[in-house]
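Good morning, everyone, and thank you for making time for this.

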Amino acid sequence: MTGNMQDAHTAHTALSGKTVLIFGGTSGIGLDAAIQARRAGADVIVVGRSADTARRVATEHRLAGWRAADVTDAQALQQAIRDIPRVDHLVLLAGTFVSGTVREAEVSHLRVAFEERIWAAVHIIRALGDRLSADGSITFISGSLADRPNAYGTAVLAAASAAMEALARGLALELAPVRVNTLSPGPIDTPILRKALGDARDPVVAHLEKTLPLHRPGTPSEAGAGVVFLMVNGFMNGATLNVDGGARLV
Ligand SMILES: NC(=O)c1ccc[n+]([C@@H]2O[C@H](COP(=O)([O-])OP(=O)(O)OC[C@H]3O[C@@H](n4cnc5c(N)ncnc54)[C@H](OP(=O)(O)O)[C@@H]3O)[C@@H](O)[C@H]2O)c1
C-alpha cells in the first residue's frame, strides 16, 4: 500500500469493531459525528428524544441502532441503554439552547441547562458502569460561550458548558484509563438555531457572517470531525478541543 492508500484505509477502519453510543446523535453535530464514525467502521447507536426521528436517521444512514430517551429522565435513559452489552466510545451531545436572563427566566427552565448536561452525564456514566470499555473514551460538548459569554440571556448555559469541561477533566482522572474530553464548538449551523430562535435565526446568522473571522458559522461536519478525532486519537485526554473558526478571538 502507498502512504496515501494506507492513510485512507486507516481512516476507514479507525473505529472498526467499536461500538459508539451518541446521545444527541439524531440531529446536527451528533448526527454528523454518527455518520463519520460509521464511515470509520463503528457500530453506531444514536439516542434522541423523538423515536420517529431516531428510527428514521438510523435507517437512512445505516446505523447499528437507535434509542429514544430524554436525558433529563434518569430512569428512561437507564432503561433505553440497558440491553447494550458494551460501549467503546460514549458521546454526550444531547441538549437544547437554554436561554433566559437570571432575573427574569423561570428557575425551572434555567435548571434544564445543567440537567441536560452535568446531571445527564452523571446518570449515563453510572448507568453504563463497567460496560464502558477501559480503552475507550467519553466526549462531552461545551461551547465557545463557556469562555466568551454574552449579555443575551446565556449566562446559565455558559456556566453549564464550562462545567462540562471541568467534569471532563475530573473524570479523566476518576475513570482512567478511559479518556474523557470535551468538544467546544463556536456557532455551528444546525437545526438548534431554528428550534431556539425561530424566525430570528436568519438575522442571527447574517450577523455571524458579518462578525466572525471566517464570515460564516461552522458546519455540522466540521464539528462532527472534532468528535471523531477525540474518539480515535488515543492520546487526547482531559482536553477541550475548540472548533470555533476563531469565534473566541473577536
Ligand atoms: N450548534 C451550535 O452552534 C452549538 C454550539 C455550541 C454547543 N452546542 C451544543 O451541541 C449540542 C448539539 O447541538 P446541535 O447544534 O447539534 O443541536 P440539534 O441539531 O438540535 O441536535 C440536538 C440533539 O440532541 C437531542 N436532544 C436534545 N435535548 C435532548 C434531551 N433532553 N434528551 C435527549 N436528547 C436530546 C436531539 O434529539 P431530539 O430532537 O429528538 O430531542 C438531537 O439529537 C447541544 O448540546 C448544543 O448545546 C451547539
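I will go through the sheet, then its strands, and then the helices that go with them.

Please keep in mind throughout that what we are looking at is a predicted model. Let us start with the sheet, which is open and is formed by seven strands in the order S3-S2-S1-S4-S5-S6-S7, with parallel pairing. As a reminder for those who are new to this, strands of a sheet pair through backbone hydrogen bonds, and they can do so in either a parallel or an antiparallel way. Which strands stand at the edges here? They are S3, residues 65–68, and S7, residues 240–243, and because each has a single partner strand, one side of each is left without a neighbour in the sheet. From one strand to the next, the twist averages 20°.

Now let me turn to strand S5, which covers residues 132–141. Is this strand largely enclosed or largely open? Seven of its ten residues are buried, and therefore S5 is largely enclosed by the rest of the structure; buried here means that 20 or more other C-beta atoms lie within 10 Å of the residue's own. On one pairing, S5 is joined by five bridges to S4, residues 87–92, and the two run parallel, with His89 standing opposite Ser137 of S5. To get from S4 to S5 the chain passes through helix H5, residues 107–128, and this β-α-β crossover is right-handed. On its other pairing, S5 is joined to S6, residues 179–185, again by five bridges and running parallel, and here Ile138 is opposite Val180 in S6.

Strand S4 also pairs with S1, residues 19–23, through four bridges, and these two run parallel; in this pair, Phe23 is found opposite Leu92 of S4. Packed on the sheet is helix H2, residues 28–39, which touches S1, S2, S4 and S6, and whose direction makes about 170° with that of S2.

Finally, I would like to return to H5 and look at how H4, residues 74–81, packs with it, at an angle of about 35° and with the two axes 10 Å apart. The crossing of H4 past H5 is right-handed. Which residues make this contact? From H4 they are Ala74, Leu77, Gln78 and Ile81, while H5 brings His123, Ile124, Ala127 and Leu128. Sorted by class, the contact has six nonpolar and two polar residues, and no charged ones.

Note on methods:
Residues numbered from 1 in each chain as written. Predicted model: local features only at pLDDT ≥ 70, side-chain atom pairs only at ≥ 80, totals over all residues. Buried ≥ 20, exposed ≤ 12 C-beta atoms within 10 Å, placed from the backbone. Pairing = 2+ DSSP bridges. Right-handed = clockwise from strand over helix to strand, strands pointing away. Axes fitted to C-alpha atoms, helices over the stretch in contact; angles between N-to-C directions. Left-handed = near helix turned anticlockwise from the far one by under 90°. Contact = placed C-beta atoms within 7 Å. Nonpolar A, V, L, I, M, F, W, Y, C, P; charged D, E, K, R; others polar.
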